[in-house]
Structure formats: C-alpha cells, structure tokens
Amino acid sequence: MVRARWAVLVAGVLLALVGGVWGTGVFGTVKGAGFDDPASESSRARERIAAEVGQRATDIVVIWSSETATVDDPAFRRAVTDAVDRVRQKATVVSFYDTGSDAFVSTDRRSTYAVVSLATPAMSGDTKEFEAIRPDLDAAGLRTEVGGPAAVNDAVSAQVSKDIARAETFSMPILLVLLVLVFGSLVAAGAPLLVGVLAILGAFTVTRILTLFTDVSVFALNVITLIGLGMAIDYALFMVSRFREELRQGHDTGDAVARTVDTAGRTVLVSGLTVALALAGLLLFPQMFLKSMAYGGMAAVLVAMVASVTVLPALLAVLGPRINAVRIFRTRDGGGTGWARLARGVMRRPVLVTLGTVALLAVLAVPFTRAEFGVADERVLPASAAPRGAAETLAREFPQTDASPVQVLVSGAGAGAAGAFAERITAIEGVTSAAVVAVRGDSAAIAVSYTGGPSGETARGVVGAIRDLPTPAGAEVLVGGTTAQLVDLLRSLADRLPWMALLVALSTFVLLFLAFGSLVLPLKAILMNVVSIGASFGAVVWAFQDGHLAGLLGFTSTGNLEATQLILMLALIFGLSTDYEVFLLSRVREEWDRTAVASPGDKPTAADNTAAVAGGLQRTGGIITAAALLLIVVIGGFTTGDVLFIKMIGFGMIVALVVDATIVRALLVPATMKLLGRANWWLPAPLARVYGRFGIREEKPVPERELATVSA
C-alpha cells in the first residue's frame, strides 16, 4: 500500500464515483416485504387459491367516504363506479356495487370500500404496479383512503429512504465532533469518515449488482448505511490510532504504515471476517428479508474491511505525520492508565465481579422469557401514515369485516365435501364461523373467523387444529392467511436457527483460534456474546413488546415482536460483540507475547497473564469506548426513524453496545481471564502446529529501505 499509494487512492476515488453515480440507483431496484417463506404451506395456499378458485389475495383496500352523502346516493355511486372502472382496466376489483353485499358498507352507510388484487401480488414486494394504479383510486368529491399490503410496502419503502437521509444528516456532524475529541486533529478525524462514505457507496454498488440476479429487500439499505458507516469508523479509528502510536515511537512513515497494517490491520481482517460470517448465517433462511440483510450487511462489512486495509493505509502513507495536522487540542498518548488500574482492580476480586456482572445481565435478560411473536402489519408505520389510517378506518367503521381470516383451500373434492369440511371446522375451539366463499370446479375456498387477534394463541391453535383434521377423501387441504403465515414463519425460523447458530459459532471459533492461538478464548468469546444478546433481547421485550418506551421513542406497541427482526438482531449483535472482543484480545495477545519474551525462563509466569490483560485494556479501553460511542451515534440516527422494526433493531443494538463495551469488556472479560489464568492460552500440541502454520499472526514488518521513499 505504501509503494502503490497513489494508484490505490485513485482506485478508491473511482469506486466512490461509481457508487455515487450508479450504485445509489439501488434505491430504485429494491423491493419491500419479503417476510414469508415461498415454500411454506401458507404461501402455497395463497397461490393455489388464486389459481384454482380465482380468489386472489387482497393487495389494496380503498375506502371512499362522504360527510353528507350515503352509498345509496347516485352521485356517490357514480364517483365510486367511475374509479372502479378505471382500476379494473389494470387489476381485479370487488366492490359493494358489484356484489350488493352490505359487508362493504359502513355502519352509517356513508363509507364503502373495495378490494383490489394486482397482477403482481404485494407479497412479492414489488411496488411499481401499486404506484402506477394509485392515481386511479381517487373518487371525485369523496374522501379516499388507501391501505392494504401494497400500500404498506410502498409507504415503508418511501419512509426507509427518508429515514436513511435523516440518519446520515443527524449522525455525520456529531461523528465529526466526537472524532475530533478522540484525535484532537481535524485531519485524523476526517479519515474515518472518508472510509465510511467509501464503505457505504461501495456496498450500494455491490448490492445493486446483486439486484440484477436476485430480489433484495429495501431494508438492506438501512443495514448498509448503519453497518457500513459504523464498521468503517470502528476499523479506521483502530487503524489511525495505531498509526499515530507507531509514529510516536519514532518509526518512519512507511515503517509505521507497515506495522499498523501488520497489527491493527490484522485485527480488522479478523473482525471483518467474523462479522461477515455472522451475517452469512442469515443466508440459511428462506425469507427474502433475511437474505437481503445478509447481502447488504456482508457487502458493507467487507467493503469497510478492505477499504481500511488498502485505501486507508495508502492515505496514511501520503499524509505521514500530517495525520495530526489542523490540531484542535492535544490528546493523551499511549492509552489511559485508568483502564489498567480498572483491570487490575477487577482482577483482585475476580469471583465477586464475575458473579455480580452475570447476575446483572441475567436480570436484564429475564423479560425475554415472555416474548410474544407476531407478523409485520401497518402498525410498523407512524400513526400519521395513510395506509395505517386506512386500516384503522376499516376496523372502526366496518366491524363486520374480518381483515385476517384463516383461508382454507379444499382441492379435488367439490363444493359438497368442502361444505362438510367447513362444518367440521366450526367445531374447533375458538372458531366463530367457517363458510365456503368461492368455488370453481372441484376446488373451494373456506374463510374461517376466530376470536382474538391473528397473532394470538387462539388463532394459531385454530390453524394447527385445521391442519390436523382428516382431509376429505381424494382431496388436498392447504391452510393459509395471516395466522398461518405466522405459524409457518416461526416453524421455518425454528428449523433453521440451530444451523445458523452452529455455522456462526463454528466459524467464529475457528477464526478466533487462528487469530489468538487458543481454544479457551474463542469459546469464552462466544459465551460473552450470548450474554450481550440476552441482555439486549430482554430490553427489547420490555421497551417494545410491553411498550414502556412507546411515548419516548414515538411508536405504537403491537404487544409482540416480529420474529425475523430478532434473527437479524442476533446476527448483528453477535458480529459487533465479536468485533470488540477481537479488538481487546488482539492487544492482550500482543502484550502476552511481549511479556513472554521478556520473562526469564522458557515459559511466562502467571503474573504475566495479569500484566497482559491490564496492558491490553489500557491500550484498547479508550478506543473500544470511543468506537462504541461513535457506533451508538450512527445507530441512534436510525432509531429516530419512523419504521417500527428499524427503530427496534437500533434500540436493541444500542443496548448491546453499551453492555458490551462497559460491563462485558471492562469487567467480565478481565475477571474471567484472571480466573482462567494461563488456561486462557491452552492449546494442545497438534493444534499448536496448526496455529504455527496457518495462524493469522503478526509477521516481521518490511524494512523501510525496501519500501518506496515516503515524504514526511
């Protein structure tokens, strides 16, 4: 990077230009939704009901109302039928004036609604057809409200774009101020922000390329900005800090760059790979939402990692000591001794500290034991959003309308057998009605109503009971609808979660073994991550499911949590927790090796473990705290957004960061390392040979004379 510094910087500028001009076009190619499993029974039921009986899923609900006229007035009728005729040229519409059913009329008869089914179902996440048809829905002289899954997807996509812009506007100035406080220099503070911008634009470019081959959810853009900016700043902060440290020790610029990449760059490499592999676990799930988060998150992390060990070192090679230019004030060099004193104080009472911190984190995790799961609906939007208002109007003025019935397809038996099957369904506990609503040939659709909400235990029990009923002779029965979608989602997540956990844990273990040359430290790191995740999940249940922070954060509690968001949080928090573990332990390992060499005899003494932990925390405690604070600012920008589950993910990550950077890293890690002593570095002889050959270890820096001459 020193020799090719100008070529590398030109390549970085070109990447930024491509990302800014072409990569940002990803906003127009992503899709909404993506929460269901395409192979699940509920998804197959939806497709088969549309194909066999012609009853398509409702994509749009449009409500027309008047303060004076009723649905029986000719002017009201004419305005609605004109709108319906326009829409019918592009989609399927069912209205009161087609059916004469009073189910489409409000209790005061001043409102009516129609249901619209699009050629491209809303479940696909594509909003282009909705955007094309939206102007045709307005009826002259009447108030028009538009809701339904397609309207929700469109509103969420638009809100995500606004939230990203607002988050960046909110976070960038604060990040610059905090970086100046960390480095004391405006030039040093600007370097991490430049890497962050490059990471975001590069990840946008990679994701747009992916959209040419597969569907990508709009929510991936949130993760790209959040993770790309956050990880880039973390990595650049670590790199710039180490470079300044090497300069202070008297090394020339080229030597300082080589040593920085050899030490901090190695840490960044291990961290980037572990975070990317944690996100890769999301690829095991069939939901487009989770796959998209893996695509976007991995792209952001890997681009941030590569930029931090290529473009940033090239920039440092050009700047040299000028990295400290435009100094605002002087900062303390060499790490704070307060961190070393804290570590030694903790290690004097390791049992007490370990028990106390574990007890505290267990209390934080307790609320998660009563977590309830649901599916995303219009309540993920703010109260002012039009689709949410339409849903509330439908529930208030059309109480006879069941917006989320269980849908049952009886295929291959005819209307008579379907009717008999419906009668058997009515005997199930919790069912209020079951009626055949559509018949074509030997296929029939049954709508089942029930007590309680679609995410409740009663509704889920009804779905399970229907699926357990003996099917009519010669027939096939498929159960769909919102509740069945939730049941299938939870089953799908539960089936694949152990495999994700195995993949993430195993890959993390192997990488940390190669990085630290120990079997104990990787296992302990995984356990520390689990502790942070438990505390975060407990806080999310308390804040969002129970609604204790609804007023402060500005959302409506749904009484449950969308399950896919917790899977995403699991991957993100595990990756970030490992990130800080790597930052700390890499320096502890460096101190351990240094004291081992300095100690008399062939083997280091037990006292060296204490010195290594204290020295490692002294060198990294301030950096980890600063990195966590900067990332909290980035995430905080997204927490101010108006999409509920993005707000929830942001809150959970902030809790995890606070817990991880304070309680876990400053207290629990030093205490447990003291208790384990030299066992921290235990490695059987056969594995020691593996580590000696393949370990991600520091190499001897290239001598300055072999590098291109670098101007100071």
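## Helix α3 and the sheet it lies across

Helix α3 (residues 74-88) lies across β1 (60-65), β2 and β3 and runs at about 160° to β1, where contact means heavy atoms within 4.5 Å, and where axes are lines fitted to C-alpha atoms, for helices over the stretch in contact, with angles that run from 0 to 180 degrees between N-to-C directions. Helices (H or I, at least four residues) and strands (E, at least two) are DSSP runs, numbered from the N terminus. This is a predicted model, in which local features need pLDDT of at least 70 and side-chain atom pairs count only at pLDDT 80 or more, while totals for chains, interfaces and linings use all residues. Residues are numbered from 1 along each chain as its sequence is written, and side-chain values use heavy atoms, with hydrogens and water left out.

The sheet in question is open and has four strands in the order β2-β3-β1-β4, with antiparallel pairing; two strands pair if DSSP finds at least two bridges between them. At the edges stand β2 (92-94) and β4 (143-147), each of which has a single partner strand, so one side of each is left without a neighbour in the sheet. From one strand to the next, the twist averages 20°. Three bridges pair β2 with strand β3 (residues 111-117) in the antiparallel sense, and valine 94 has valine 115 in β3 as its bridge partner.

## Two residues in this region

Tryptophan 64 belongs to strand β1 and has a relative accessible area of 2%, so tryptophan 64 is buried; buried means under 20% relative accessible area, exposed over 50%, and partly exposed in between, with a 1.4 Å probe and protein chains only. Although tryptophan 64 and leucine 137 are 73 residues apart in sequence, they are 9.4 Å apart in space, C-alpha to C-alpha.

Arginine 109 is found in the loop between α4 (96-99) and β3, and its phi is near 60°, a positive value in a residue other than glycine. With a relative accessibility of 27%, arginine 109 counts as partly exposed.

## The sheet of β6 to β9

Another open sheet of four strands has the order β7-β8-β6-β9, with antiparallel pairing. Here β7 (431-440) and β9 (476-480) stand at the edges, and because each has a single partner strand, one side of each is left without a neighbour in the sheet. Neighbouring strands of this sheet are turned against each other by 20° on average, direction ignored. Strands of a sheet pair through backbone hydrogen bonds, either parallel or antiparallel.

Eight bridges join β7 to strand β8 (residues 443-450), and the two run antiparallel; alanine 434 has valine 448 in β8 as its bridge partner. Strand β8 also pairs with β6 in the antiparallel sense, over six bridges, and in this pairing glutamine 407 stands opposite alanine 447 in β8. Strand β6 (residues 406-411) is in turn joined to β9 by five bridges, again antiparallel, with leucine 409 opposite leucine 478 in β9 and with glutamate 476 in β9 as the bridge partner of serine 411. Both strands of this pairing are mostly covered, since five of the six residues of β6 are buried and four of the five residues of β9 are buried.

## Packed helices

Two packed helices are described by the angle between their axes and the distance between the axes. Helix α7 (residues 186-211) and helix α10 (residues 288-309) pack at an angle of about 135°, with their axes 8 Å apart. That makes α7 oblique to α10, given that angles under 35 degrees count as roughly parallel, over 145 as roughly antiparallel, 65 to 115 as roughly perpendicular and the rest as oblique. The crossing of α7 past α10 is right-handed; a crossing has this hand if the near helix is turned clockwise from the far one by less than a right angle, and is left-handed if anticlockwise. Among the residues that make the contact are Val195, Leu198 and Gly202 of α7 and Tyr295, Gly296 and Val303 of α10. By class, the contact of α7 with α10 has twelve nonpolar, four polar and no charged residues, where Ala, Val, Leu, Ile, Met, Phe, Trp, Tyr, Cys and Pro count as nonpolar, Asp, Glu, Lys and Arg as charged, and the others, Gly among them, as polar.

Helix α8 (residues 219-248) and helix α9 (residues 253-280) pack at an angle of about 155°, with 8 Å between their axes, and that makes α8 roughly antiparallel to α9. The crossing of α8 and α9 is right-handed, and the residues of their contact divide into twelve nonpolar, seven polar and three charged.
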